[in-house]
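Here are my notes on the model you sent over. Please read them with the structure open.

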Amino acid sequence: MRNSLKLNRKKKVFKAKELMIFNKKNLDNWMNLTKKERYNLSKKESFNYLDKRKLLLEEIRKEYKKISRGNCEKNIKEK
(Lines give C-alpha, C1' and ligand atoms only; values in the text may rest on other atoms or scores of the structure.)
Protein backbone atom coordinates (compact mmCIF):
# COMPACT_ATOMS: atom_id res chain seq x y z
CA MET A 1 0.00 0.00 0.00
CA ARG A 2 2.75 2.44 0.92
CA ASN A 3 4.68 1.65 -2.24
CA SER A 4 1.68 2.39 -4.43
CA LEU A 5 1.19 5.76 -2.71
CA LYS A 6 4.86 6.60 -3.26
CA LEU A 7 4.57 5.68 -6.92
CA ASN A 8 1.49 7.86 -7.33
CA ARG A 9 3.33 10.79 -5.77
CA LYS A 10 6.30 10.28 -8.08
CA LYS A 11 4.02 10.12 -11.11
CA LYS A 12 2.43 13.42 -10.12
CA VAL A 13 5.83 15.03 -9.73
CA PHE A 14 7.02 13.75 -13.08
CA LYS A 15 3.77 14.72 -14.74
CA ALA A 16 4.23 18.32 -13.58
CA LYS A 17 7.64 18.45 -15.27
CA GLU A 18 6.34 17.46 -18.70
CA LEU A 19 6.92 19.59 -21.76
CA MET A 20 5.13 22.90 -21.56
CA ILE A 21 4.98 23.49 -25.30
CA PHE A 22 2.56 21.33 -27.19
CA ASN A 23 2.37 20.85 -30.93
CA LYS A 24 1.28 18.19 -33.41
CA LYS A 25 4.13 15.88 -32.45
CA ASN A 26 3.11 15.61 -28.81
CA LEU A 27 -0.64 15.95 -29.22
CA ASP A 28 -1.18 12.68 -27.36
CA ASN A 29 0.56 14.10 -24.31
CA TRP A 30 -1.72 17.12 -24.40
CA MET A 31 -4.78 14.89 -24.72
CA ASN A 32 -3.69 12.93 -21.65
CA LEU A 33 -3.70 16.04 -19.48
CA THR A 34 -6.64 16.59 -17.21
CA LYS A 35 -9.00 19.49 -17.72
CA LYS A 36 -7.47 21.36 -14.78
CA GLU A 37 -3.92 20.82 -16.09
CA ARG A 38 -4.88 22.11 -19.54
CA TYR A 39 -6.55 25.14 -17.94
CA ASN A 40 -3.47 25.90 -15.82
CA LEU A 41 -1.22 25.46 -18.83
CA SER A 42 -3.26 27.85 -20.96
CA LYS A 43 -3.31 30.32 -18.08
CA LYS A 44 0.50 30.23 -17.82
CA GLU A 45 0.85 30.67 -21.57
CA SER A 46 -1.52 33.62 -21.44
CA PHE A 47 0.53 35.31 -18.70
CA ASN A 48 3.75 34.67 -20.63
CA TYR A 49 2.24 36.17 -23.79
CA LEU A 50 1.04 39.20 -21.83
CA ASP A 51 4.51 39.73 -20.34
CA LYS A 52 6.13 39.51 -23.79
CA ARG A 53 3.68 42.08 -25.15
CA LYS A 54 4.41 44.44 -22.24
CA LEU A 55 8.16 44.17 -22.81
CA LEU A 56 7.75 44.78 -26.53
CA LEU A 57 5.57 47.82 -25.85
CA GLU A 58 8.19 49.24 -23.46
CA GLU A 59 10.90 48.78 -26.12
CA ILE A 60 8.75 50.51 -28.73
CA ARG A 61 8.13 53.44 -26.39
CA LYS A 62 11.86 53.79 -25.67
CA GLU A 63 12.69 53.77 -29.39
CA TYR A 64 9.96 56.32 -30.10
CA LYS A 65 11.35 58.63 -27.39
CA LYS A 66 14.84 58.37 -28.91
CA ILE A 67 13.54 59.14 -32.38
CA SER A 68 11.34 62.02 -31.28
CA ARG A 69 14.17 63.56 -29.21
CA GLY A 70 16.49 63.30 -32.21
CA ASN A 71 13.93 65.04 -34.43
CA CYS A 72 13.42 67.81 -31.87
CA GLU A 73 17.15 68.42 -31.62
CA LYS A 74 17.45 68.60 -35.42
CA ASN A 75 14.60 71.11 -35.61
CA ILE A 76 16.19 73.28 -32.94
CA LYS A 77 19.58 73.22 -34.69
CA GLU A 78 18.02 74.18 -38.03
CA LYS A 79 16.31 77.26 -36.58
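Predicted model: local features only at pLDDT ≥ 70, side-chain atom pairs only at ≥ 80, totals over all residues.

1. Burial. Of the 79 residues in the chain, 4% are buried. The cut-off for buried is under 20% relative accessible area.

2. The chain exposes about 8400 Å². Carbon and sulfur atoms supply 57% of that area.

3. Fold content. There are 3 helices and 0 strands. Along the sequence the pattern reads α-α-α. Helix α1 covers residues 2–16, helix α2 residues 27–32, and helix α3 residues 35–78.

4. Confidence. Mean pLDDT for the chain is 77. Residues at 70 or more account for 67% of the chain. Helix α1 has the lowest confidence, with a mean of 51. Helix α3 has the highest, at 87.

5. Nonpolar patch. Which residues form a nonpolar patch on the surface? Leu27, Trp30 and Met31 do, and together they have about 300 Å² of accessible area. Trp30 sits in helix α2. Its relative accessibility is 32%, so Trp30 counts as partly exposed. Patch membership requires over 30% relative accessible area.

Notes:
Residues numbered from 1 in each chain as written. Heavy atoms only, no water. Patch = residues over 30% accessible without salt bridge, like charges linked within 9 Å, V, L, I, M, F, W, Y side chains within 5 Å. Areas by Shrake-Rupley, 256 points an atom, 1.4 Å probe, with all protein chains shown as cover. Salt bridge = Lys/Arg side-chain N within 4 Å of Asp/Glu carboxyl O. Helix = DSSP H or I, 4+ residues; strand = E, 2+ residues; numbered from the N terminus. Buried < 20%, exposed > 50% of the residue type's maximum accessible area, 1.4 Å probe, protein only. pLDDT = per-residue confidence, 0-100.
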